[in-house]
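Thanks for making the time this morning. I would like to take you through one model, beginning with the overall fold and then turning to some local backbone features and a pocket.

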Amino acid sequence: MQSQAYSNLDFEARINKTKQLNTLYNPVIFNTKNSTEKQKLADLLNKNIHIQIFDSIEAQIEELIKCLNPGIQPIELKSLAKKHLGNTPLADYGLWVYYPWSEKLVHLLDEEEFVIVRTNRNKHKITAEEQLILSKKKIGVMGLSVGQSVSLTLAIERGFGELRIADFDELDLSNLNRIRTGVHNIHLQKTVIVAREIAEMDPYLKVICFHEGITEQNIDAFLTENGKLDLLIDECDSFDVKISAREKAKTLQIPVLMEGSDRCTIDIERFDLEPDRPVLHGYVSNMDMSVFKTLKSLDEKLPYIAPVTGVETLSPRMKASAIEIMTTISTWPQLASAVTYGGGITADLSRKILLGSLKVSGRFFIDIDELITDEKPLQHTKGEERTKQLSIEEIENYLSVRQFNKDGERELLSQELIRKLITAAGKAPSGGNNQPWHWHYEQGNLHLFMNKNVSGAYLDPDYISSYTSLGASIENLLLEAAVNGLGVTWKFTPEHFPEHIALFNFKGKHEANEVEKSLAARIGDRHTNRKTGLTQEISTADLEQLKFITETENIRLQWLTGAEDRTVLGDISGEADLLRMFIPAAHEDFIKKEMRWNKEEIIETEDGIGINTLDLSNNDQIGLRLMKDEKAVQFLKKIKGGLAFKKLALKQFQSSPAIGLITLSESNPLNYLKGGMAVEKMWLAATALGYQIHPVNVPLIFFYKNNFQELNDLPEESRKQIFILHQKFKHLFKITDNIAEIFLFRIFKAESSPQRTIRKPLNKTLSIGTA
């Protein structure tokens with residue numbers, strides 16, 4: 001039907017003709033004062049009857065006269081224009097410019113007069129002398145998405161004499177959200193589109209196209225052929241090209257300018273003035289960029305990309321969008337408004353660099369969202385100093401006004417042995433690695449305190465997480481005492497919770513049994529492992545052994561091994577992880593109190609979770625860093641995003657052969673302490689069997705907050721969501737409402753984590769009394 005409908009219009013022939021024209025971008029110029037050229041133009045018009053003719057030469061001449069004589073009166077204009085024309089026929093004045101791709105013929109002033117009129121309204125923002133200097137400059141633009149706006153703005157201002165443009169890509173429909181061109185140009189080479197648009201606004205500007213983009217074979221020609229570039233503008237997407245082009249530009253002392261459409265990020269590198277300046281301000285100086293082009297996956301490329309884009313300095317919406325790439329969107333978003341004003345700013349900076357009025361190098365931001373906004377800065381309450389420790393004076397004052405049973409025989413231990421015991425105790429796991437324990441030894445009594453300065457985080461409601469950690473620390477201490485032959489008498493001190501937790505004294509000898517020896521030997525090896533894990537079955541005998549060593553009369557360990565159950569649990573965990581990000585107080589607690597984002601923070605605080613210990617892929621690690629921005633997180637919540645985080649949890653649970661849950665019959669502080677002891681025994685035993693453990697307690701803590709914590713600030717919508725998640729969870733494990741859900745974890749086989757969380761030195765967790 002279609003071929004019949006268009007048969008009379010020679011539809012196929014017209015399409016083929018258009019395709020033949022798709023590589024053309026240079027106009028044809030005719031000077032009809034030359035008889036040969038005049039005949040060629042006549043032949044062209046006779047052969048192509050569809051050519052449109054645009055002749056406004058008379059008006060152009062009058063405008064030229066006004067430019068040359070600013071004070072001229074309107075009544076004089078016609079006569080002066082006629083005088084200027086002289087004996088030349090109007091049809092032969094100036095030049096005729098033919099655009100074959102659009103079949104348009106335009107009558108224009110010759111180049112000298114055209115430039116006078118075209119740049120007249122630049123004065124004196126750009127003086128005539130400056131315009132002349134710019135007309136001799138050569139600029140190269142790599143990348144023609146953002147680079148299209150840059151190139152056209154440069155051309156409009158006549159900010160160059162020669163422009164070299166490079167891009168291998170064709171225009172896609174999706175590019176039209178930011179590239180100013182017509183739909184008829186879809187699937188046309190971007191270089192051709194830009195060159196045509198420049199030619200249509202100024203046929204006298206010289207544009208050289210590199211249709212294949214920048215390659216190893218043509219980079220030298222792009223930078224130096226027909227004279228060295230005076231400025232390189234980088235707007236390309238290829239990160240290896242960004243670096244290699246800069247390295248060559250540095251050698252040739254060509255300044256480089258780059259604009260990122262997000263936050264209008266500006267990079268200026270004045271290699272012409274600073275020949276020893278590191279490429280990209282030194283952000284990639286420790287990376288071998290030569291291997292970048294050999295990398296296949298995004299995860300492999302991210303360590304190279306991140307320093308260039310500046311992950312921490314992206315706008316909130318770009319951070320949220322970056323998290324959503326390959327889940328709800330397919331590529332980096334860009335807006336026409338940002339691209340357009342970025343093009344204007346780049347052209348402005350280009351002019352200043354080429355004219356010598358700007359000599360600075362560096363990275364700069366011209367963020368409209370920050371410069372013009374009615375949003376007030378986010379207010380946060382200032383929490384207690386997270387690294388504050390208990391002092392000996394505070395502890396001794398506390399003990400002096402309270403009665404502790406110190407009767408009975410007890411042996412005094414050497415400081416060396418005490419330090420050995422507390423070192424083992426300090427290797428216990430703790431929520432957020434807050435290490436909430438403080439041990440105090442005096443007169444043969446060892447006191448365990450909760451350091452409330454580091455406890456009570458958002459995900460430590462009523463100190464339940466800290467109680468569990470203290471229980472684990474007690475278990476380590478008892479195991480270490482056993483293998484050192486020490487008899488221990490000890491008790492919890494619930495009447496003094498949450499400050500004072502337990503009291504220990506040592507007397508007599510104890511011969512460690514084989515279980516104690518086995519568990520104590522693994523204290524140094526036990527660690528949190530967040531890897532995906534190897535997909536393989538787990539021995540039923542191993543699960544039963546772990547269950548046997550964990551359970552007592554009140555403590556229960558359940559296993560879920562079914563694939564469907566693990567998928568449901570993965571979904572619950574992913575939802576809880578997103579809740580942690582989307583609830584502002586929880587997000588702030590995670591970002592500021594728990595996480596450590598660099599080596600300096602880790603060394604300074606000696607606690608928290610170093611991002612280097614999370615066993616994350618490069619992609620997931622970058623995603624987590626993006627979540628530091630509260631505005632980005634709230635925008636992600638608004639668009640119902642964050643699927644990538646749910647996918648990570650789902651992947652982890654599906655690859656784990658079993659999921660364990662440790663519970664006690666009632667929720668109270670003493671049970672969380674006892675549960676913590678059971679957790680540590682199980683974990684050490686699993687380590688001895690060659691398994692890795694990944695605690696997944698965020699869902700449990702939200703369940704506790706929703707059910708037991710009297711004063712919590714859970715939003716109503718979150719309460720409903722948590723209730724639904726908890727119902728699914730209870731159904732899976734067949735538990736009732738009042739059960740204390742102590743510890744949820746994945747168990748799996750994998751290599752040990754190469755990086756471990758830091759521990760505080762003993763002088764911050766152990767004090768020796770003076771009494």
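**Overall architecture and local details**

Let me begin with contacts: in this predicted model, residues 24 or more positions apart account for 75% of the contacts in the protein with a separation of 6 or more. The secondary structure comprises 29 helices and 22 strands. The radius of gyration is 37 Å, well over the 28 Å that the globule rule gives for 771 residues, so the protein is more spread out than a compact globule. Along the principal axes, the C-alpha trace spans about 125 × 65 × 50 Å. Of the 771 residues, 51% count as buried, and the protein exposes about 37,100 Å², of which carbon and sulfur atoms supply 52%.

Another cis bond runs from F497 to P498, with omega near 0°, and P498 belongs to the loop between β14 (486–492) and β15 (500–509).

Turning to phi, N433 is not a glycine, and yet its phi is positive, at about 50°; this residue lies in the loop between α17 (415–425) and β12 (437–442). Q435, likewise not a glycine, has a positive phi of about 50°, and is also found in the loop between α17 and β12. Are these two residues buried or exposed? N433 is buried, with a relative accessible area of 2%, and Q435 counts as buried too, at 1% relative accessibility.

Finally, I come to the second largest pocket, which holds about 1,200 Å³ of space. Which residues lie nearest its centre? They are S315, P316, R317, M318 and D369, out of the 32 residues that line the pocket. As for the elements involved, α13 (316–324), α14 (336–354), α15 (368–371) and α25 (630–638) each supply at least two residues of that lining.

Notes. Residues numbered from 1 in each chain as written. Predicted model: local features only at pLDDT ≥ 70, side-chain atom pairs only at ≥ 80, totals over all residues. Heavy atoms only, no water. 1 Å grid on protein atoms, 1.4 Å probe; cavity = no way out; pocket = protein on both sides within 12 Å on 5 of 7 lines; lining within 4 Å. Points joined across faces, edges and corners; volume = space filled by probe spheres on them. Helix = DSSP H or I, 4+ residues; strand = E, 2+ residues; numbered from the N terminus. Rg over C-alpha atoms; globule rule 2.2 N^0.38 Å. Buried < 20%, exposed > 50% of the residue type's maximum accessible area, 1.4 Å probe, protein only. Contact = heavy atoms within 4.5 Å. Areas by Shrake-Rupley, 256 points an atom, 1.4 Å probe, with all protein chains shown as cover.
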